[in-house]
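Try each task before reading its solution.

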Amino acid sequence: MASITCQKCGKPTERAGYPVWAIVVSICLFPLGLLSLLAGRKPTTCGSCGFTWQA
């Protein structure tokens, strides 16, 4: 996972990944699976301040 900086407090946090279903769909149904990866990213939440954003 990539470490990014929180937009609110400036502390480093882990970038959220993809849910398991999005990865399975992208492998099984390759052309349509790419759309699931675009739509299925989890929002990133800062562990220090609790701020949530789409990173």
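**Exercise 1.** Which residues make a nonpolar surface patch of about 460 Å²?

Solution. Keep in mind that this is a predicted model. The patch is made by L29, L32, L35 and L38. The relative accessible area of L32 is 57%, and the cut-off for exposed is over 50%, so L32 counts as exposed.

**Exercise 2.** Find K11 and describe its surroundings.

Solution. Start with the chain: K11 sits in the loop between β1 (3–5) and β2 (12–14). Then turn to its surface: K11 has a relative accessible area of 44%. Finally, look for partners. Leaving aside residues up to four places away in sequence, K11 touches I4, T5, C6 and S48. As for S48, 37 residues separate it from K11 in sequence, while their C-alpha atoms are 7.5 Å apart in space.

**Exercise 3.** Summarise the whole protein, from its elements to its surface.

Solution. Begin by counting elements: there are two helices and four strands. Read from the N terminus, their order is β-β-α-α-β-β. Move on to contacts: of those between residues at least 6 apart in sequence, 43% join residues at least 24 apart. Then consider burial, where 24% of the 55 residues are buried. End with the surface: the protein exposes about 3,900 Å², and carbon and sulfur atoms supply 66% of that area.

How values were computed
Residues numbered from 1 in each chain as written. Predicted model: local features only at pLDDT ≥ 70, side-chain atom pairs only at ≥ 80, totals over all residues. Heavy atoms only, no water. Buried < 20%, exposed > 50% of the residue type's maximum accessible area, 1.4 Å probe, protein only. Contact = heavy atoms within 4.5 Å. Areas by Shrake-Rupley, 256 points an atom, 1.4 Å probe, with all protein chains shown as cover. Patch = residues over 30% accessible without salt bridge, like charges linked within 9 Å, V, L, I, M, F, W, Y side chains within 5 Å. Salt bridge = Lys/Arg side-chain N within 4 Å of Asp/Glu carboxyl O.
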